[in-house]
Amino acid sequence: MTAAEDPQAELLRLRASIDNIDAALIFMLAERFRATQQVGQLKAEHEMPASDPHREEQQVGRLRALAEEAHLDPEFAEKWFNFVVAEVIRHHTEAAESR
């Protein structure tokens, strides 16, 4: 019996793939937050606002287009982005307050 014929083996193969993707996402998010922490320090040093609504609006449009191209629900992509940005703004605000 091949893996395609064995549902349990196929399930394990698919889950292993999902686990690898999840690990890659975590490392990519960590890299993203390292970059945004540098942005937050720069903003704090120069007394710039923690939030940039114009930039965020541009990013939402860009990510929604990328999501469509990738066959991912653009609403989901926007929700994900808004969740991440809220955390970034929290970090930027903390950086500004600690100065």
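Contact between elements is taken as heavy atoms within 4.5 Å, and helices (H or I, at least four residues) are DSSP runs numbered from the N terminus. The structure is a predicted model, in which local features need pLDDT of at least 70 and side-chain atom pairs count only at pLDDT 80 or more, while totals for chains, interfaces and linings use all residues. Residues are numbered from 1 along each chain as its sequence is written, and side-chain values use heavy atoms, with hydrogens and water left out.

Two packed helices are described by the angle between their axes and the distance between the axes. Axes are lines fitted to C-alpha atoms over the stretch in contact, and angles run from 0 to 180 degrees between N-to-C directions. The axes of H1 and H3 cross at roughly 40° and come within 9 Å. H1 is therefore oblique to H3, the class left for angles that are not under 35 degrees (roughly parallel), over 145 (roughly antiparallel) or 65 to 115 (roughly perpendicular). The crossing of H1 and H3 is right-handed, the near helix being turned clockwise from the far one by less than a right angle. On the H1 side the contact includes Leu29, Arg32, Phe33 and Thr36, and these and other H1 residues meet a set in H3 that includes Trp80, Phe81, Val84 and His92. By class, this contact of H1 with H3 has 10 nonpolar, 6 polar and 3 charged residues (nonpolar: Ala, Val, Leu, Ile, Met, Phe, Trp, Tyr, Cys and Pro; charged: Asp, Glu, Lys and Arg; polar: the others, Gly among them).

The axes of H2 and H3 also come within 9 Å, crossing at roughly 145°, and this crossing is right-handed. Among the contact residues are Val60, Leu63 and Arg64 of H2 and Ala77, Trp80 and Phe81 of H3. The contact of H2 with H3 comprises 9 nonpolar, 2 polar and 5 charged residues.

Points are joined across faces, edges and corners, and a volume is the space filled by probe spheres set on them. The largest pocket has a volume of about 470 Å³. Its lining has 17 residues, of which Leu25, Leu63, Leu72, Ala77 and Trp80 are the closest to its centre. H1 (7-45), H2 (53-69) and H3 (74-97) each supply at least two lining residues.

Note on methods. On a 1 Å grid over the protein atoms alone, a cavity is a set of points where a 1.4 Å probe fits but cannot get out, and a pocket is an open set with protein on both sides within 12 Å along at least five of seven lines; lining residues have an atom within 4 Å of a point.
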